[in-house]
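Visitor: I have a structure here and would like to go through some of its contacts with you. Could you take me through them?
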Amino acid sequence: MQLKDSSLFRQQAYIDGAWVDADSGLTLKVNNPATGELIGSVPKMGAVETRRAIEAAERALPAWRALTAKDRANRLRRWFELMMQNQEDLARLMTLEQGKPLVESRGEIAYAASFLEWFGEEAKRVYGDMIPGHQADKRLMVIKQPIGVTAAITPWNFPSAMITRKAGPALAAGCTMVLKPASQTPYSALALAELAERAGIPKGVLSVVTGSAGEVGGELTSNPIVRKLTFTGSTEIGRQLMAECAKDIKKVSLELGGNAPFIVFDDADLDAAVEGALVSKYRNNGQTCVCANRLYVQDGVYDAFVDKLKAAVAKLNIGNGLDDGITTGPLIDAKAVAKVQEHIEDAVSKGARVVSGGKPHALGGTFFEPTILVDVPKEAAVAKEETFGPLAPLFRFRDEDEVIAFSNDTEYGLAAYFYARDMGRVFRVAEALEYGIVGINTGIISNEVAPFGGVKASGLGREGSKYGIDDYLEIKYLCIGV
Ligand code: ADP
């Protein structure tokens, strides 16, 4: 492993301020998805080690929440700076375990770090309220307090950002946290723990437990000390975790699957729409929950859009993300490849045509050709299900009402995108789309200052922005007789 600072590559879990192995001595192997090579291993922990981390978080809570917000903010700021100082090493680690091109990994590290900076600043702005009394001898006051011990379960597609987007607001608010990272990408999480320690985050405030999803997750949802669970991942697992949390009425924040429509109207700037579609669809090889999943293009510009998108996709450079000039890495695993193939086969069997790609890439492994399908019928599975891969299915539509109906006909409601110039249309469509996020004339919508989250089966709560810290705060009302 060529890192400037080799101590960022940690192969042990981090619990209560110590680097530890599983009680059983068992480990999980971590492989590079671009080469299949073994990177290393991490402890395969279960309920017992998780309980230890939760109890450490409970012990650490009183002192952590008693710090001034400014003190917590200073440590988060330091953690942010350490991430940026180690951006190159963190990016290399990420590309090794996740596969995304180095340029995207560097971008993710900056994006991930920004949540620590932002929420440290927000920590100082957790204001309460004075409410005009309902009786002459009463004064009513509202204060906000940290929820307490929290748990986080994060996915492999954004191995750093999905952690800081949760740990940033949690720690800023005065909560402590036990984190289970995805088993495919534990090294990014463990490197963050190493930097948190260097930044002065006290032991027990943030523990990282690697291991069995079911066992670690089961303890996180069933242990009554944990007051809140925050999860990013599939709707299926989110639903299960929410049900498990129902027993203790734990609070939950869920950032789940999406099925983003990307709509191009006749009055769109077509070149801008193609550029937006390219980044929205093929970034991280289609493996983000806000990736365009289905592209709806209006009749009048359909053929021109297809030609331009084909030309843009032909310029993508597929390969090992560590190599220069690569724009597109491998998919995370064989299951991800199978899902893309399934969606292509289903759409083709119902009348769609492949105009770019369509099959595994000559590089082998889990590399897949960036694919475009045209004339996709609305009955295709890809109209309803999330692909999470480099497949752009193009549907044709006639008018606004029709495309809004298509777009909303899904259980999901995370991100939607559309390109249009007519002012009235922009407002009508933006308001009619049942989504938490709408990108208008842009394919990139994520940043730390804006609220990220979905409606319907895409989740609960918002991450980032001034709203993101609310998910880690309780409101307490004080009724004072005078
Ligand atoms: P993805 O499709 O992105 O892999 P998952 O929902 O399967 O989404 O995984 C997201 C995270 O949830 C990962 O950290 C994974 O290990 C974890 N996870 C998967 N199954 C469970 C489970 N039964 N209990 C708790 N966590 C789980």
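Predicted model: local features only at pLDDT ≥ 70, side-chain atom pairs only at ≥ 80, totals over all residues.

Visitor: What does Glu385 pair with?
Guide: The side chain of Glu385 meets that of Lys339 in a salt bridge, at 3.3 Å from N to O. This pair links distant parts of the chain, 46 residues apart: Glu385 belongs to the loop between strand S15 (371–374) and strand S16 (391–397), and Lys339 to helix H11 (residues 334–349).

Visitor: Buried or exposed, or something in between, for Glu385?
Guide: Glu385 counts as partly exposed because its relative accessibility is 34%, between the limits of 20% and 50%. Lys339, at 27%, is partly exposed as well.

Visitor: Back to the loop between H12 and S17. What about Tyr412?
Guide: Tyr412 is found in that loop, between H12 and S17. Tyr412 is buried, with a relative accessible area of 11%.

Visitor: Which residues is Tyr412 in contact with?
Guide: Leaving aside neighbours within four places in sequence, the contacts of Tyr412 include Thr235, Gly257, Gly258 and Asn259. Lys384 is also among them, as are Glu434, Tyr435, Val455, Lys456, Ala457 and Ser458.

Visitor: How far is Tyr412 from Val374?
Guide: Their C-alpha atoms are separated by 23 Å, and the two residues are 38 residues apart along the chain.

Visitor: Let us turn to the domains. What does the assignment give?
Guide: The domain assignment of the protein chain gives domain 1 (6–256 + 458–481) and domain 2 (261–440). The centres of domain 1 and domain 2, taken over C-alpha atoms, are 31 Å apart.

Visitor: How many residues of domain 1 and domain 2 are in contact?
Guide: In domain 1, 24 residues are in contact with 24 residues of domain 2. The area buried between the two domains is about 1,900 Å², and carbon and sulfur atoms give 57% of that area.

Visitor: How many salt bridges between domain 1 and domain 2?
Guide: The count is one salt bridge between domain 1 and domain 2. Across the interface there are also eight residue pairs in polar contact, with both residues of each pair at pLDDT 80 or more.

Visitor: Which helices supply the side of domain 1 that touches domain 2?
Guide: Helix H3 (87–98), helix H4 (102–123) and helix H8 (235–246) each supply at least two residues of that side. H3 gives the most, with five residues. By class, the side of domain 1 that touches domain 2 has nine nonpolar, eight polar and seven charged residues.

Visitor: And Arg239, what is its salt-bridge partner?
Guide: Arg239 forms a salt bridge with Glu411, and the closest N and O atoms are 3.4 Å apart.

Visitor: How many salt bridges does the structure hold?
Guide: The structure holds 36 salt bridges. A network of salt bridges links Asp299, Asp303, Arg353, Asp375 and Arg396.

Visitor: What about Arg75 and Asp71?
Guide: Arg75 forms a salt bridge with Asp71, with 3.1 Å between the closest N and O atoms. Because they are four residues apart in helix H2 (residues 69–85), Arg75 and Asp71 are separated by about one helical turn. Arg75 is partly exposed at 22% relative accessible area, and Asp71 is partly exposed at 26%.

Visitor: One last residue. Where is Thr232 found?
Guide: Thr232 is in strand S10 (residues 226–232). Thr232 counts as buried because its relative accessibility is 5%, under the 20% limit.

Visitor: Which residues does Thr232 touch?
Guide: Not counting residues up to four places away in sequence, Thr232 touches Ile153, Thr154, Pro155, Met162, Lys166, Glu255 and Glu463. With Lys166, the side chain of Thr232 is joined by a polar contact of 2.8 Å.

Methods:
Residues numbered from 1 in each chain as written. Heavy atoms only, no water. Buried < 20%, exposed > 50% of the residue type's maximum accessible area, 1.4 Å probe, protein only. Polar contact = N/O pair within 3.5 Å; in protein donor to acceptor, adjacent residues only side chain to side chain. Contact = heavy atoms within 4.5 Å. Domains from an automatic or database assignment. Buried area = accessible area lost by both parts, 1.4 Å probe. Salt bridge = Lys/Arg side-chain N within 4 Å of Asp/Glu carboxyl O. Nonpolar A, V, L, I, M, F, W, Y, C, P; charged D, E, K, R; others polar.
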